[in-house]
Amino acid sequence: MSQYQYKRIFLIVMDSVGIGEAPDAKEFNDVGADTLGNIAKEMNGLKLPHLNSLGLPFIKDYIGAEPPTSPLAHYGKMVEKSVGKDTMTGHWELMGLYIDKPFQTFPEGFPPELINEIEKRTGRKVIGNKPASGTEILEDLGEEHVNTGSLIIYTSADSVLQIAAHEDIVPIDELYDICKIARELTLDEKYMVGRVIARPFIGKVGGWQRTANRHDYALKPFGRTVMNELTDAGFDSLAIGKISDIYDGEGITESLRTVSNMDGMDKLLQTVRMDFTGLSFLNLVDFDALFGHRRDAIGYGKALEEFDVRLLEVLKELKDDDLLIITADHGNDPTHHGTDHTREYVPLLVYSKGIIEGKSLGIRKTFADVGATVADNFKVPLPHHGESFLKHIK
């Protein structure tokens, strides 16, 4: 038997699954945002029986919600304390870091001096340089790129600089080197770009396809996270999906890449079947990237229902001394204006087989309560921000 309350903790971040506007939503132009609630309206009801059984309806009333008589998990919701609503800020706060200076976004494109320097350092011209969806910009500029070898640079509502290139025109290794150059240039405080992303693609005009060779070059966390404390103390810290990219490999003992939400669930189950002591940390990015930013409420709803089906597999295979935490990192209401993330509460579901009846964990004042709980369980230094709820889930 483990000397810790839980030998293994599994943390699932449903990327962008917010549950209603946060108290400071007005400051972010997000009044009325409600990712889960508005998706349920568009779907005329969401079918999420396993999330319901854990207690989701006790946190958020939505069309299709069926509150159980006795929830299987403890439940609550969390407010983001940091001054941003992007992926990195949300994830860093989950592991105990508070971000008081938001990453920059570039709604008008990147400054000419930055683009000029990228062209000078890479020897390739730049086309695009505007906010765009990854699929649309390939339709607009893919042919020109193939004909000229110019780099397609674009951004989004996130703090990202994305570089798209055809694998037959710009070899993968060269694209990665170009992204490293862009990463070095954007470390300057006047840019403060969260991530540089390589976006390789293949195909021909009318049939461009992005490949799985995407690579993110993120800023290193500004301080130590709970994951650093875990690895320094000899615990396992398994990163699934984009987790390794978000933390730039910091505090991670093993990284498992994924190509979709369902592949992410496969990889999570792979870790459930492993013998380890520590944290298994999964991000399910499709909710955000494929549906939230593209304002596809129906696709988002179907993806939630697919996740709910796979969740049952995880619940069945957890051991008595396992803990499962399900949450999110921000909102991305597909019925809201623009294509930006939305400032929302996020759900908190905390499950183990030893819970007789789930109770309310209330409204947590920061996402860092999750990291504090992980640290508390494994008896490593707690983050400066966050309050452990471990004592409430015995």
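This is a predicted model: local features need pLDDT of at least 70, side-chain atom pairs count only at pLDDT 80 or more; totals for chains, interfaces and linings use all residues.
Visitor: Why is histidine 293 called buried?

Guide: Its relative accessible area is 17%. The cut-off for buried is under 20%. Histidine 293 therefore counts as buried.

Visitor: Where does histidine 293 lie?

Guide: Histidine 293 sits in a loop, with helix H11 (286–292) on one side and helix H12 (297–317) on the other.

Visitor: What makes the pair of histidine 293 and threonine 339 a polar contact?

Guide: A polar atom of the histidine 293 side chain is 2.7 Å from the backbone oxygen of threonine 339. The limit is within 3.5 Å. The pair falls inside that limit.

Visitor: Which residues does histidine 293 touch?

Guide: Leaving out residues up to four places away in sequence, histidine 293 touches Asp158, Asp288, Asn332, Thr339 and His341.

Visitor: Is threonine 35 buried or exposed?

Guide: Threonine 35 has 0% relative accessibility. Buried means under 20%, so threonine 35 is buried. This threonine belongs to helix H1 (residues 35–42).

Visitor: What lies around threonine 35?

Guide: Not counting residues up to four places away in sequence, its contacts include Ser16, Val17, Gly18, Tyr300 and Asn332. Asn332 is also among the residues that histidine 293 touches. The backbone nitrogen of asparagine 332 is 3.0 Å from a polar atom of the threonine 35 side chain.

Visitor: How far apart are threonine 35 and alanine 297?

Guide: In sequence, 262 residues separate them. In space, the C-alpha to C-alpha distance is 8.9 Å.

Visitor: How is the protein chain divided into domains?

Guide: Domain 1 covers 8–99 + 222–392, and domain 2 covers 112–218. Their C-alpha centres are 30 Å apart.

Visitor: How many residues are in contact between domain 1 and domain 2?

Guide: On domain 1, 15 residues are in contact with eleven residues of domain 2. The two domains bury about 1000 Å² between them, with 54% of it on carbon and sulfur atoms. In domain 1, Met88, Asp245 and Arg294 lose the most area to domain 2, together 42% of what that side buries.

Visitor: How many salt bridges and polar contacts does the rule find across this interface?

Guide: The rule finds zero salt bridges. A salt bridge needs a side-chain nitrogen of Lys or Arg within 4 Å of a carboxyl oxygen of Asp or Glu. One residue pair is in polar contact, both at pLDDT 80 or more.

Visitor: Which elements give two or more residues to the domain 1 side?

Guide: Helix H4 (87–94) and helix H9 (243–246) do.

How values were computed. Residues are numbered from 1 along each chain as its sequence is written. Side-chain values use heavy atoms; hydrogens and water are left out. Helices (H or I, at least four residues) and strands (E, at least two) are DSSP runs, numbered from the N terminus. Buried means under 20% relative accessible area, exposed over 50%, partly exposed in between (1.4 Å probe, protein chains only). A polar contact is a pair of N or O atoms within 3.5 Å; within protein, one must be able to donate a hydrogen and the other to accept it, and residues adjacent in sequence count only if both atoms are side-chain atoms. Contact means heavy atoms within 4.5 Å. Domain bounds come from an automatic or database domain assignment. Buried area is the accessible area (1.4 Å probe) that two parts lose on being put together, summed over both.
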